[in-house]
Amino acid sequence: MSDIIRRPTHLAARAVEALWVVALLLGLWELVGRRSHTVFFPPFSKVCSQFADDWLTNRPSTLFLTDNFWDTVPITLSRFARGWAIAVVAGIGIGVVLGRSPIVRVMYSPIIRFFMSLPNAALLPIALQFFGLGGGMNLFLIAFGTVWLIATNTADGVGDVNDEWMRTARSLRLPHRTLYARVILPAASPHIFAGLRVSVGFALILMVVGEYYATTAGLGHAVSRFQQTFRYTEMWSAFLLIALIGIVVNMAFDAIERRALRWQRRAGLAEL
Amino acid sequence: MEIAVDGVSKTYGRGSAANPALTPTSFTIAQNEFVTIVGPSGCGKSTLLMMMAGLLGPTSGRVLLDNVAIDGPPRGVSVVFQDYGRSLFPWMTVERNLAMATVSQRLSRRELAGRIERALRNVELVGQEKRYPWQLSGGMQQRVAIARALVAEPRIMLMDEPFAAVDAQTRAGLEDLVLRIRDAYGVTVALVTHDIDESVYLADRVLVLGAGPGRLLCEIAVPLPTPRSQIETKRLPLFADLRAEVFQLVMRPRESPL
Amino acid sequence: MTTTTTRADGPPRAALAPITAVALGVAGTASVIAAWALVVAAGWVSEASLPAPWSVASGLPRVLSDGVFLDGLADTLASWLAALSIASGSAIALGVLLGTVPVVSRPLMVAINALRSIPSTTLIPVAILLFGLGQSMKIAISTYAVFPIVLINTLYGVANREPMRVDAARMMHWSRLRVYTHLVLPSAAPAIVTGIRVASGISLVVVVSAELLGAKSGAGHVLIRFQQALRIDLAYACVILIGLVGALIYALLSALERLTIRRVHLV
């Protein structure tokens, strides 16, 4: 419960209120960049213009984005999407099994806990050995790195379904498929989304790390390439793009989560 | 459909930690009868209803529907729970919630729509199909729960303190609603309540349970005229007498078992 | 004596005794190792990619007794601890001070959330440029990665302090400092400890990532050398050991978290 303060209702005013710290930090970046004469840390304005050169163009046919953009970004995003999708499907599936069967959960929770504690980056050399260079390694890294998190959160949600809902479902004699699809999963969705939210962040990190380490295309690889050829401004421009992608992905996820969990907030069942 | 409760009891725990929620109890409910089950807290009335609903297994005895012992929630029986907030699914619209009651029956779309329309009409919530439970008041939500029980077109309706969570005025309306529904659908009703007035007002017969440990004290017939009216019926001397009788039985201090 | 828990679907079910839980855990783990052995024995995967369980097991003591590995591990843990301490210390201080000022704390949360969207490992190349390939680079990047998490948790914890207690404190004319140390900090403590627990895991991940991506010291670096030398069994053993370290840290901090939450909520 925070103090009640009158908040401006006009959209622009609210944007200012929320973002002035961000603006402050960017301003700081600009200042430091100009002052320090090291080539490693260009000022924000310079990075912006490089950004425009690298990624933006004035051709509507390609959505105002350069060929460079279309050569690099879709690859990275597709790996991210595929790897994460695998983790979501597998994670929810495993989570449901674990949640419904306490015995199975107790059996496998040590090893799952172990997998979760493993710094995913430690898997890089192994994944490389296993899959060689190329997309498979990245998919594996992202998928393996996030599936356990999703599974445990799903298991929590599934195991925690309100007793009354389950009792109602029994009294309605719902067939199994309906029970899972229409009762258990929706009831567990707050927990599931909590897991998904954190997993998105991890997936983004792993997406970049995997490509940086060993691959032949994509944004992470571009960063590595720029760094090795001493093209630092372009490297920062790539960072900025990655940052923007991260922000957009998180915002999109927030929007989806808000819509999907509307019932929880409205019914006053939200815990926080 | 006739319900026979035959020597049903429920004991939790074992040995010295055993807690007898309900001692062996037997009674029958005839077709189309409206029976209320009333008693102080701890008398096992909700436990009894859950066993009749097949949601709880008895420690001894059995529940028979038309002379067939039940084993789990049986066909033809609908349950209305006390806490509508937790019994309706908040992520589904009213329509979807109602449809859940017939998933096991595999109805055609037209049949289902028809049943939903009829049920909503009977609980006076026509036009609310697309709304979500959290958009409705407490009384309306409980009516949706009742409608859901009706959509399955049950032979028996079991209600576990269904009006405990609503305010007194809403409760009066809901009581009359249930009576009308009993006539419209021709169902047999067993309703658990802690409200003594309600137990007499609604019933053809009152089953009074006692606590310490839970057991059936006696059955009281209620020959009040129908249709019942909140004002007229409650004015009758007979109502006052019956009410007093039930009151005495319910409020008696815990004694050793009879 | 068993404790009973009632579940909606029927009769009460007994909770598992601890010994049963351990036995089941062992059984589960054993089944996974058995599956692993099966996959290798059936030849579905080449021995070069996935060595058999027993060769990895025999590699474990060898790695553990390897001085280079132990040095690397010590280096990793030192970096991890340094990053965690610096980040937590500064984040808690900043969070407690600014968290009580809503006009700053809300936009700060927005900014921090935006920063969190940026994968911290992305900035490893930058850190390398600024700090070289040594330990300070790892500490720097890990601090950057972990600071937002602890800060957000601190802000959240501070925001949730009970208004009534604040009023009570004001009526007793507590000094500013006292309010911070005796009221704000303790009530925010559970959230802060949770944040530190999450941060500890991430700190380890980031430090190891930095080691794998170029640092010249640390357990991750040793891991790469094993892989490049094609001693895959040792590489797997190394990974398992790193994982066990991570698991241990997680277990310790979870215990700490439970203790803190229990204490504070009793107040």
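How many helices and strands does chain A have? Chain A has 11 helices and zero strands, where helices (H or I, at least four residues) and strands (E, at least two) are DSSP runs, numbered from the N terminus.

Before I continue, a word on the source. This is a predicted model, in which local features need pLDDT of at least 70, side-chain atom pairs count only at pLDDT 80 or more, and totals for chains, interfaces and linings use all residues. Residues are numbered from 1 along each chain as its sequence is written, while chains are lettered from A and ligands numbered from 1 in the order in which they are written.

The C-alpha atoms of chain A occupy a box of roughly 70 × 60 × 40 Å along the principal axes. Of the contacts in chain A with a separation of 6 or more, 69% join residues 24 or more positions apart; two residues are in contact if their C-beta atoms, placed from the backbone, lie within 7 Å.

I turn now to chains C and A. Their contact takes 53 residues from chain C and 54 residues from chain A. On the chain C side, α10(C) gives the most, with nine residues.

Finally, chain B. Its domain assignment, with bounds from an automatic or database source, gives domain 1 (3-76 + 154-251) and domain 2 (88-152). The C-alpha centres of these two domains of chain B lie 25 Å apart. Domain 1 of chain B brings 11 residues to the contact and domain 2 of chain B brings eight. Helix α6 (residues 168-185) of chain B provides the largest share of the domain 1 side, six residues.
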